[in-house]
Amino acid sequence: MLPHETFERELYDRVRALAVEGDGSALIALARYRDERDLPLVLGALARDGPREGDRWNAQLAAAEFPHPKVRLAVVALP
């Protein structure tokens with residue numbers, strides 16, 4: 001693995017860890033990777049209203065960054 005690939009992987013892992021912890025900005029950044037393994041995180045964020053102001057907004061921004069049919073269906077189903 002090349003040095004820049006190692007850095008990219010470490011960065012991805014850190015962003016994912018932050019998103020799992022509930023960081024909305026990290027969720028948006030993670031969605032930009034468009035990795036199928038992250039689909040449950042984006043869908044889960046869309047399915048719930050978080051306790052913090054802006055949680056729904058961050059989830060919708062993440063959905064905009066992740067063009068996947070399941071994400072589109074979840075956005076259409078939002079109240």
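At what angle do the axes of helix 1 and helix 2 cross? Keep in mind as you look that this is a predicted model. Helix 1 covers residues 3-20 and helix 2 covers residues 24-31, and their axes cross at roughly 135°, coming within 7 Å. Angles from 65 to 115 degrees count as roughly perpendicular and those over 145 as roughly antiparallel, so helix 1 and helix 2 end up being called oblique to each other. The crossing also has a hand: it's left-handed.

Now let's see who does the touching. On the helix 1 side you'll find Tyr12, Val15, Arg16, Leu18 and Ala19, while helix 2 brings Ala26, Leu27, Ala29 and Leu30. Sort the residues of this contact by type and you get 8 nonpolar, 1 charged and no polar.

Stay with Tyr12 for a moment. Its relative accessibility is 7%, and because buried means under 20%, Tyr12 counts as buried. Tyr12 also belongs to the structure's 1 aromatic pair. Its partner is Tyr33: the ring centres sit 5.0 Å apart with the planes at 80°, so this is an edge-to-face pair. The two are 21 residues apart, with Tyr12 in helix 1 and Tyr33 in the loop between helix 2 and helix 3, so the pair links distant parts of the chain.

Most residues other than glycine have a negative phi. Arg34 isn't a glycine, yet its phi is positive, at about 55°. With 49% relative accessibility, Arg34 counts as partly exposed.

Definitions and conventions. Residues numbered from 1 in each chain as written. Predicted model: local features only at pLDDT ≥ 70, side-chain atom pairs only at ≥ 80, totals over all residues. Heavy atoms only, no water. Axes fitted to C-alpha atoms, helices over the stretch in contact; angles between N-to-C directions. Helix = DSSP H or I, 4+ residues; strand = E, 2+ residues; numbered from the N terminus. Parallel < 35°, antiparallel > 145°, perpendicular 65-115°, else oblique. Left-handed = near helix turned anticlockwise from the far one by under 90°. Contact = heavy atoms within 4.5 Å. Nonpolar A, V, L, I, M, F, W, Y, C, P; charged D, E, K, R; others polar. Buried < 20%, exposed > 50% of the residue type's maximum accessible area, 1.4 Å probe, protein only. Phe/Tyr/Trp six-rings, centres within 6.5 Å; stacked < 30°, edge-to-face > 60°.
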